[in-house]
Amino acid sequence: PPWRPAFLLLSSVEGRQPTFSTSCARCSKNRRLRQKRVISERKLTRYFVDHRKVRVVGGHGGGGGHSFHSEPRKIFGGPDGGNGGDGGHVILKADQQTKSLSSVLPFYQGFHGERGGSKNCYGANGAYVYVKVPIGTLVKEEGKVVADLTQHGEEYVAAYGGAGGKGNRFFLSNENRAPTLFTPGEPGQERVLHLELKTTAHAGLVGFPNAGKSSLLRAISNAKPAVAAYPFTTLNPHVGIVQYQDYEQVAVADIPGLIKGAHQNRGLGMAFLRHIERCRFLLYVVDLSVSQPWIQLQDLKYELEQYKRGLSERPCVVIGNKIDLAESKINLPLLKEQIDDRVIALSALRGDNLEELFLHLRELYDSYVKTEQSRGRSPVKW
C-alpha cells in the first residue's frame with residue numbers, strides 16, 4: 001500500500017528470513033538499534049516532568065498622573081494627568097513543540113503598567129507573559145479543573161493584570177474644576193495553579209513490567225527508552241513517532257508498566273494511568289512466554305476499567321511479544337482461543353513480524369481520523 005512504513009520499503013533481505021515475518025525488518029532495524037545511545041531513566045526524569053506547581057501573579061497597574069497644564073498666557077490650564085497603564089497578564093499557551101513541563105518555572109509575573117504622564121498622556125500597558133506548555137496540559141486550582149489545553153495555540157489567562165489608576169484629569173467636573181485626586185494602579189491577580197500533563201498520543205502501549213513495551217517502541221520508532229532485564233525499567237512515558245511513506249505520523253506512547261492494584265495507586269500507580277486517557281487506541285503488549293498469557297490481558301483491562309469507566313473499550317489490538325521463544329509458540333494458539341481481539345505475534349527484540357503491526361496500526365489511525373472528521377473535529381496531528 002502507499003502508506004507502508006518508510007524504512008520497511010528500504011530494508012533488504014540479508015541471511016535467513018525470520019519466522020513470522022513477511023519482510024526482513026530485522027536487517028534494517030537492528031542497525032538502528034545498535035546506533036541508539038542508551039539514556040538512563042534517572043537522566044530522563046530531568047527532561048520529562050508531567051506535573052508542576054506554579055504561582056502566577058498579574059502585573060501591577062500603573063498609577064494615575066497628577067499634573068496641571070501650564071504654559072505662557074494660559075495660567076489656569078486645568079488638570080492634565082493621564083491614566084496609568086494596565087498590568088500584563090500571565091497566559092498559558094499550548095505549544096506542539098513542547099513535550100514536557102520541565103521548562104515551566106515555579107513563578108511567573110506579568111509586566112507592570114506605566115504611570116500616567118502629563119499632557120493627558122496615558123501610561124503604556126504592561127506586556128503579557130506567555131508560558132508554553134505541552135498539548136494535553138490540565139490546569140487545576142484547589143483540585144478543580146479550570147482549563148484543558150488540547151489544541152495547538154490554545155490559550156488560558158492564568159492571572160489577569162491589575163487595572164491602571166485614574167489621573168486627576170479623569171475627575172474633572174463642573175463642580176470640581178481643579179481636582180487633585182488621582183488613584184494608584186490595582187495589583188494583579190495572584191493564583192497558585194497545578195499543571196498536570198496527560199500525554200497526547202494516538203496509541204498507547206499497555207502491559208505489565210518486562211512485557212517488552214520499551215523494546216517494541218525502540219523497534220518501530222526512533223525513541224530511546226531504557227531497556228533492561230528488571231521490572232519498572234521505564235519510569236517516564238516515552239512517545240515514539242511511526243512515519244509512513246505518505247508523511248503521516250502516528251504517535252505511540254510507552255506507558256510505564258502496570259501491576260495489579262494500579263488503580264489503587266500501587267506500584268507506579270495513577271501517576272501514569274492518566275497518560276492512557278488521551279490515547280485514541282490501545283496496544284496491549286502481552287508476554288507469550290508466561291503461562292496463561294490471557295490472564296495478563298484480563299488484568300490489564302480490569303485496571304483500566306477501574307481507573308476510568310469505558311477506557312478498556314477503546315479500539316485495541318493484542319500484541320503477543322517474545323514469539324521467538326519456544327514457550328510462546330505453544331501459548332499463541334491458546335491465547336487466540338481465549339480472546340476475541342485480534343492478536344499480532346511478533347518479536348520486538350529480533351524484529352519479527354513488525355510489518356503486520358505497522359499495517360494494522362495505520363488502519364486504527366485512519367479509522368480514528370475518519371471518526372473525528374465525521375464529528376466535525378480536527379484529529380490530533382504530530
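**Entry 1: ground rules.** I am working on a predicted model, in which local features need pLDDT of at least 70 and side-chain atom pairs count only at pLDDT 80 or more, while totals for chains, interfaces and linings use all residues. Numbering starts from 1 along each chain as its sequence is written, and side-chain values use heavy atoms, with hydrogens and water left out. I note that pLDDT is the predictor's confidence in each residue, from 0 to 100.

**Entry 2: overview.** I counted eight helices and 14 strands in the protein, taking helices (H or I, at least four residues) and strands (E, at least two) as DSSP runs numbered from the N terminus. Of the 382 residues, 50% are buried, where buried means under 20% relative accessible area, exposed over 50% and partly exposed in between (1.4 Å probe, protein chains only). Among contacts with a separation of 6 or more, 73% join residues 24 or more positions apart; contact here means heavy atoms within 4.5 Å.

**Entry 3: confidence.** The average pLDDT of the protein is 79, and 79% of the residues score at least 70. Residues 7-36 have pLDDT below 50, and this stretch has 53 contacts in the model beyond near neighbours in sequence. I marked residues 228-234 as well, where pLDDT stays under 50 and the model has 20 contacts beyond four places in sequence. Where pLDDT is low, the predicted coordinates should not be read in detail.

**Entry 4: the six-stranded sheet.** I went back to the sheet that holds β13, and traced it as an open, mixed sheet with the strand order β10-β11-β9-β12-β13-β14. Its edge strands, each pairing on one side only, are β10 (238-243) and β14 (343-345). On average, neighbouring strands of this sheet are turned by 25° against each other, direction ignored. Two strands pair if DSSP finds at least two bridges between them; β12 (residues 281-287) and β13 (residues 316-321) run parallel and are joined by six.

I then looked at what packs on this sheet. Helix α6 (residues 294-307) touches β9 (203-206), β12 and β13, and its direction makes about 140° with that of β12. Helix α8 (residues 354-374) lies across β9, β10, β11 (249-254), β12, β13 and β14, and runs at about 155° to β12. For these angles, axes are lines fitted to C-alpha atoms, for helices over the stretch in contact, and the values run from 0 to 180 degrees between N-to-C directions.

**Entry 5: α4 against α8.** How do the axes of α4 and α8 cross? The axes of helix α4 (residues 213-220) and α8 come within 11 Å and cross at roughly 80°, which means that α4 is roughly perpendicular to α8. The scale I used counts angles under 35 degrees as roughly parallel, over 145 as roughly antiparallel, 65 to 115 as roughly perpendicular and the rest as oblique. The contact is made by L216, A219 and I220 of α4 together with L354, L357 and F358 of α8. These residues divide into six nonpolar, no polar and no charged, with Ala, Val, Leu, Ile, Met, Phe, Trp, Tyr, Cys and Pro counted as nonpolar, Asp, Glu, Lys and Arg as charged, and the others, Gly among them, as polar.

**Entry 6: two buried residues.** Y368 is placed in helix α8 and counts as buried, at 7% relative accessibility. Leaving aside neighbours within four places in sequence, Y368 is in contact with H202, R280, F281, P379 and V380. Y368 and H202 are 166 residues apart in sequence, yet their C-alpha atoms are 8.7 Å apart in space.

S328, in helix α7 (residues 326-338), is buried with a relative accessible area of 0%. Not counting residues up to four places away in sequence, S328 touches L288, S289, N321, K322 and I323.

**Entry 7: the five-stranded sheet.** I traced another open sheet with mixed pairing, in the order β3-β1-β8-β5-β6. Its edge strands are β3 (107-109) and β6 (144-149), each pairing on one side only, and the twist averages 30° from one strand to the next. Strand β1 (residues 51-57) pairs with β8 (residues 190-197) in the antiparallel sense over seven bridges, and R52 stands opposite L195 in β8. Strand β5 (residues 137-141) also runs antiparallel to β8, joined by four bridges; V139 has L195 as its bridge partner in β8, and K140 stands opposite H194.
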